[in-house]
Every structure is written in C-alpha cells, then in structure tokens.
Amino acid sequence: APCPQWPYCRKRCAYCSFNTYVVPAVDEAAVRACLVREAQTLLRLGQVHRWVYTVGSRGAPGPSVPSCSFTALPCSVTSVFFGGGTPSLASPGTVAAVLEAVAGAARLAAGAEVTLEANPSSTSTSRLAGFRAAGVNRLSIGVQVRGAVPAAAPAAPRDPIVTALSPQSLDDAELRMLGREHTAAEARKAVEVARGLFPGRTSIDLLFGLPGQSRDAWAQRLEAALRLCDDHISVYQLTLERGTALAAQVRGGALPAPPPDLLADMYQTARNVLVAAGFRHYEVSNFARKGALSTHNLSYWRGDQYIGVGPGAHGRFVLRGEGGCRREARVQSLEPVAWMREVQSQGHGTRTRAVLSPLEQLEELLTLGLRTDEGITHERWGHFSPQLSLQAVFGEPGEARALQQDGWLVLDSGGLRCTWAGLAVLDSLLPDLLWQLQRA
C-alpha cells in the first residue's frame, strides 16, 4: 500500500502539527518527478511486483525469529493513499503520474482502492473530475486526517468512494477558531460537488472536543452529518498538540479546554447516534455501513506492509530487493528540498530505517489491531508469531485474564478483541497488555 505525501498547504491550521509547509511557490514538476522516482525505488526494494514471503520461525518459545525460507505468494498493491499536507493542491497530472509509476512497478489488484485527501478550497467540479480521470476512486475531503492511497488509473472508472468534510465545515465560528481558510458554505458546496461526481458513496469526517464546544452542539453536528453522508463517518477527538497556535491559546487561558468527562460523553453520544443509524463501529474512530470500510486504513490496523513516499512519510515493509527478510520501520526526510536532493542522488529520501524485532512487530500488531472491532485474529497473530499463540500469551492468568473478567476484553475462537467498553478506554488497557506480552 503506497502512501504518497504532498507536504504543501496554503495555510497552516491552528491545530495542525503535521509535516506541512506553506511556501510562496512550488516547483510541481520537480516534486512530481521525485514522487515518481521514490515510488519506483521503494516498490523495487520491496519487490512488490514479485513476491511476498510467508514467515516461518526458528527458536524457542517467545516472539519468534522470522525465517524467509518458506512459501512465496504473489503480492500486489491493494490500495494507494495520497496524503499531506493538501494533496488536492497538486494537479491531476501529478496524481496520474504517480499512479502510472505504481502501476508500472507493481501488480495492482483489480478494484484497488485509490484515495486522495482534499480541502474544500481546492475541490472545484473540474478539479475533482480531473482527479477521477487520473485514477482516484476514493476522495477524502477533510482536515483532521493525514495519510491516504491512490492506485493505478483504471481503463474505466471503478465504483468511487468519497470521504467528505468535517464538523468544522458546518460552523463559521469554529472554522475561524481552527484557522481554516474555507467557510461553512464552501464546505457544503464541496460535499455537493463530490456527491455529484461520486454519487451514493460519500463519507464525512467529524471533529469533537473543540474549545467551548457543548454536548448539544456536538449532537447537532452529528445530526447534520447524517443528513450529508451515506456510508462512512470518521469521528476524531481534537488533540491539542504542543507548538500549535490552538494549544497555546488554551494554555494561555484564551480558550477553555473541554473536561475529560465531557469528551467521554461526546464519544459515547457519537457511537449511540451512529450505531442507531445503521453504522458499524469498526474502529475506534471509524463507522461504516453497507461494507464501506476503508481498505487502506484497515491495512495499517491489520499489520499489513505499506510504503511511505514523499517528505516525512512513514513505511513498514520488508526490503527483499536488498536480500532482507525482516520488516523495517522507515521515515523519509521531513524537509521537502532536502528530500528532493536525496531522491535525485540515491533514488529515495529515507532518513531513518530500523529493523523491527519480532517483539516490536507484535507490539505494533497488538496496539493497532485492538483498535478494530474484529481485533486480532488467531490467523493474523500466527503470521507474526507462529510458535507463541494468542492463547499462550493472553489466555494464562495475568493482566489480560483480569481485563477479560472485568468485561474490557474478549479472547475466544475469533481472536483477541475489545468489548465496546474496552474500546472506549483502549489507551488505558494497552500498558498492561504490552507488559504481559513482553514477559511471555
């Protein structure tokens, strides 16, 4: 799952701590060439166009040491996600070029999900039509979420999925507080345009926990969301990140910080309203109906491999092209000019890389997998730990057993997963579970 990143924005939002840059002008041709070259290089290093190896193990009980000597299975790209920054500021031609590079370097699965993040201020009808013609079949119009995936341009348009705007989009006062450059009317227009081009598959991102936001105001946002969306809603709690303008205002007393009890109540309200409307709460922050789950994001939560392309992008994959058989965590250079220099000189701009130990891989699988309603299946756990089962780690007396008895966790034939009550407080459960895993 390649994840190309376009790091540029017209304006930095008051709450944003992402790796974004506001510059007077962008040399799009140069950025495009580097995105294409890095995608080709990293896909070649991962040998995505060739094979993915099932993992065996050597050694004694405990998180297993992987071996690369087992069966090879054909591998393909299942999703592409254009994130940022504001990737909708790139031209459709740049998106098409990256998708063509991915298609040329790897085997794209039929129906691969292709996502582009967009801002309401860069979503004219002609621009969105251009992205669709370039091969995008899933559009995320919002401001809170980063990371996405585009895939190869299909000969005929695939069934499109559109993820449209956030809660701020419906209230000009909130938009101004958040430092957004669009108005509520422009946000609504963006949704209308997207639904016209991608009818029947519109999803909306919602943000709660804004300074001064009441429970009633949040409930009104949810009702408005239900009138706009079809199949997918993402609900995110605002995080006041150090170094952002909004966090400084709250710390300085200019804006009130919402109390924890109110935040918990807002989250519970969202779940109640959306589940009652027929949505499946399939991940901590995501709700879907009619099977409209995000394929790309599921790949993160299920521990699949993904390749980060562009300034500041993160990746997790095995470098089979270098003879590797262990998963690496890779981060590309943050600053765009430095990143481009590195891509031009060596084919990629990877700044840091670290081989993940078997235990580190299991820790990531546990932390991310428990975010979903399906949790971690026995089969998926066995892929990472063939000799030490879920039952052996979490079925014995200890922290996990206590969490099961208290109603936070379930371990059965389906695997390990949280109850709804456990999902709402997952961050408080993970330290005990990780400690038990580390002792196994």
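Is Tyr306 buried or exposed, and what is its relative accessible area? Please go on from there to the aromatic pairs around that part of the chain.

Modeller: This is a predicted model, and in it Tyr306 has a relative accessible area of 15%; because buried means under 20%, Tyr306 counts as buried.

The aromatic pairs come next. The count comes to seven aromatic pairs. One of them joins Tyr282 and Trp301, whose ring centres lie 6.1 Å apart, with the planes at 65°; since planes over 60 degrees apart count as edge-to-face, this pair is edge-to-face. Tyr282 belongs to strand E12 (residues 280-283) whereas Trp301 belongs to helix H9, so the pair ties together parts that are 19 residues apart in sequence. Tyr282 has a relative accessibility of 1% and therefore counts as buried, and Trp301, at 10% relative accessibility, counts as buried too. Tyr306 itself takes part in a pair with Tyr300, in which the ring centres are 4.7 Å apart and the planes stand at 75°, so that this pair is also edge-to-face. Elsewhere, Phe208, Trp218, Tyr267 and Trp420 form one aromatic cluster.

Lys290 sits in the loop between strand E13 (286-288) and helix H9 (295-301), and its phi is near 60°, which is a positive value in a residue other than glycine. With a relative accessibility of 73%, and given that exposed means over 50%, Lys290 counts as exposed.

Three strands, in the order E15-E16-E17, form an open sheet with antiparallel pairing. Strand E15 (314-318) and strand E17 (350-355) are its edge strands, each pairing on one side only, and neighbouring strands of the sheet are turned against each other by 25° on average, with direction ignored. Between strand E16 (residues 327-332) and E17 the antiparallel pairing runs over five bridges, and Arg330 has Arg353, in E17, as its bridge partner. Helix H1 (residues 28-45) lies across E15, E16 and E17, and runs at about 170° to E16.

One backbone detail remains, in another loop. The peptide bond from Gly84 to Gly85 is cis, with omega near 15°, and Gly85 is found in the loop between strand E6 (77-84) and helix H2 (92-105).

Note on methods
Residues are numbered from 1 along each chain as its sequence is written. This is a predicted model: local features need pLDDT of at least 70, side-chain atom pairs count only at pLDDT 80 or more; totals for chains, interfaces and linings use all residues. Side-chain values use heavy atoms; hydrogens and water are left out. Helices (H or I, at least four residues) and strands (E, at least two) are DSSP runs, numbered from the N terminus. Buried means under 20% relative accessible area, exposed over 50%, partly exposed in between (1.4 Å probe, protein chains only). Two strands pair if DSSP finds at least two bridges between them. Axes are lines fitted to C-alpha atoms, for helices over the stretch in contact, and angles run from 0 to 180 degrees between N-to-C directions. Contact means heavy atoms within 4.5 Å. Rings of Phe, Tyr and Trp (its six-membered ring) pair if their centres lie within 6.5 Å; planes under 30 degrees apart count as stacked, over 60 as edge-to-face and the rest as tilted.
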